[in-house]
Amino acid sequence: MKATFLAIPAALAPLSLLPFWSAEPAPAAATAPAEAHTYAIDAGHSAVIFRVKHFGVGYTYGRFNELGGSVTFDERNPAASSVEIEVKANSIDSNSEGRDDHLRGPDFLSSKEFPLITFKSSKVEKKGDGYAVTGDLSLHGVSKTITVDAEHVGTGPDPWGNERVGFELKFDIEPKDYEIRYMTDKDTLGPGIGMIVSIEASRKP
Amino acid sequence: MSSAFLKAALGGIVPPIAVSSLCLAPLLRRGDGTPRAAGLYGALALGLGAAAGSLFVLGGFEGVQRPVSVLQRLFWVGGIGAAAGVVEALLAKRTLLRVAARLAITGGLFYWILGFVREHQWEGNEAVMWMTGLTLATCAVWTALDAIAKRRPGPGLPLALCAAVSGTAGALAISGSGSLGQTAGALAAALGPAFVLCALRRDVTLERALAPFALLFACLLLGGHYAADLPASAALLCGASPLLAGLVLLLSGRLRPWLAVVAALIVVLAATGGAAWLGYTPTPDNPYY
């Protein structure tokens, strides 16, 4: 079932070569919202990816599969923009069932105690070509204010007439700051965890 | 074995043994083995010893200053258990007050430890029913173990309790939490010097010293079940193992003492082994460590 589902976009890929399908959305600047609009995060086209150094020799990657939230975006007035993201801790997926069970347990995320990981922005500023987003990251029962770099990937219409906007946030977190201390010394896991949060959100115009 | 794994394995064992030995040292002197003194020093040894191990598991004081998780709260349960032992010693001759204190401390502790279950899982009166039931059951086991300790002095009971917690540590580690297993290991390690003391001083018993054991053991099982993946049946088997071992010691009056201890250990092994088997979930993929 999953394979069939994944095969559909692949099967449709050749259609993008046809003129009607390859019509590019208008450039972001041309369709930039003149005022703040709120978009709902499209979980199917969004991802929360992490990587952690393992025994100091390589990176292990994983992701969270269930997320939601909203983005309010005003390109001309970034201060009016905001983002709220909610990730289900037990949706962690590191391509190893046994490891995922362990990561969900009290040694790491303790997802039964703390089912949600949330980020709620409090300030958005223009920074170079992108934005600096400051907000509270709540993880493992601890809330910390962090500032992350956000890239505005694009804004434009989709084939169904909705307006879409995309961002990518990159930042590092230190598990000890969130009271996760199991095997998190630099010799085993870490130091730190690299995070990429890629968001695509849509709204009815 | 790498230094990290060695540190993790020994760190939860050496500090509890050291702290527990220090607390029990005064009882080695003749004349200091009154039930009240034994209860006081014994409770301090078990509670502070286990807390020392927990501290190591959590990476030092930094890890316990803001106890947000069950794992971090277990450090404080060790301390509260030691304090409960002091209360028990102070109320030694006031049975009703002592029982009331036991119920209040146990109930309050469970309310704190199981906050996340009250928030996310139990609905309506479920929380009241479960909290009441768990509190009564824990106090009943605690009281029964006290009575067994009084009637069967000697190293048998501390050894059986040590075996029960060690087996539980294995079951917890197998069912998804190395840290909970390590904390249980710390409690088992803290029982080691108590075993040695009871072997050397046959007149010393663990009666009234079991507050930290009863509280921490119960909280470990609750944490294992509600925060990790220890099945309820496995938690019940682990929880029953000290009582079963105690009953074997109590009812085997005709057996030689060492044979009674062996029988108690077999019962503990069967119960905790069964719990580990129930808690083990085979995964199809390769080891991920």
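## A buried histidine in chain A

A:His140 counts as buried because 21 other C-beta atoms lie within 10 Å; a residue is buried if 20 or more other C-beta atoms, placed from the backbone, lie within 10 Å of its own. This structure is a predicted model, in which local features need pLDDT of at least 70 and side-chain atom pairs count only at pLDDT 80 or more, whereas totals for chains, interfaces and linings use all residues. Residues are numbered from 1 along each chain as its sequence is written, while chains are lettered from A and ligands numbered from 1 in the order in which they are written.

A:His140 is located in the loop between strand 8 (130-139) and strand 9 (142-157) of chain A. Helices (H or I, at least four residues) and strands (E, at least two) are DSSP runs, numbered from the N terminus. Although A:His140 is not a glycine, its phi is positive, at about 55°.

## A buried arginine in chain B

B:Arg208 also has a positive phi, of about 70°, without being a glycine. B:Arg208 is buried, with 22 other C-beta atoms within 10 Å.

## Helix 9 and helix 10 of chain B

The axes of helix 9 and helix 10 of chain B come within 10 Å and cross at roughly 165°. Helix 9 of chain B is therefore roughly antiparallel to helix 10 of chain B, the term for angles over 145 degrees. Axes are lines fitted to C-alpha atoms, for helices over the stretch in contact, and angles run from 0 to 180 degrees between N-to-C directions.

Residues in this contact include B:Leu180 and B:Leu187 of helix 9 and B:Phe213 and B:Phe217 of helix 10 of chain B. Two residues are in contact if their C-beta atoms, placed from the backbone, lie within 7 Å. By class, the contact of helix 9 with helix 10 of chain B has seven nonpolar, three polar and no charged residues. Ala, Val, Leu, Ile, Met, Phe, Trp, Tyr, Cys and Pro count as nonpolar, Asp, Glu, Lys and Arg as charged, and the others, Gly among them, as polar.

## The contact between the chains

Chain B gives 26 residues to the contact and chain A gives 22. On the side of chain B that touches chain A, helix 4 (70-90), helix 6 (115-120), helix 9 and helix 10 are the elements that give two or more residues. That side of chain B has 12 nonpolar, 11 polar and three charged residues.

Technical notes: A residue is buried if 20 or more other C-beta atoms lie within 10 Å of its own, exposed if 12 or fewer, and partly exposed in between; C-beta atoms are placed from the backbone. Angles under 35 degrees count as roughly parallel, over 145 as roughly antiparallel, 65 to 115 as roughly perpendicular and the rest as oblique.
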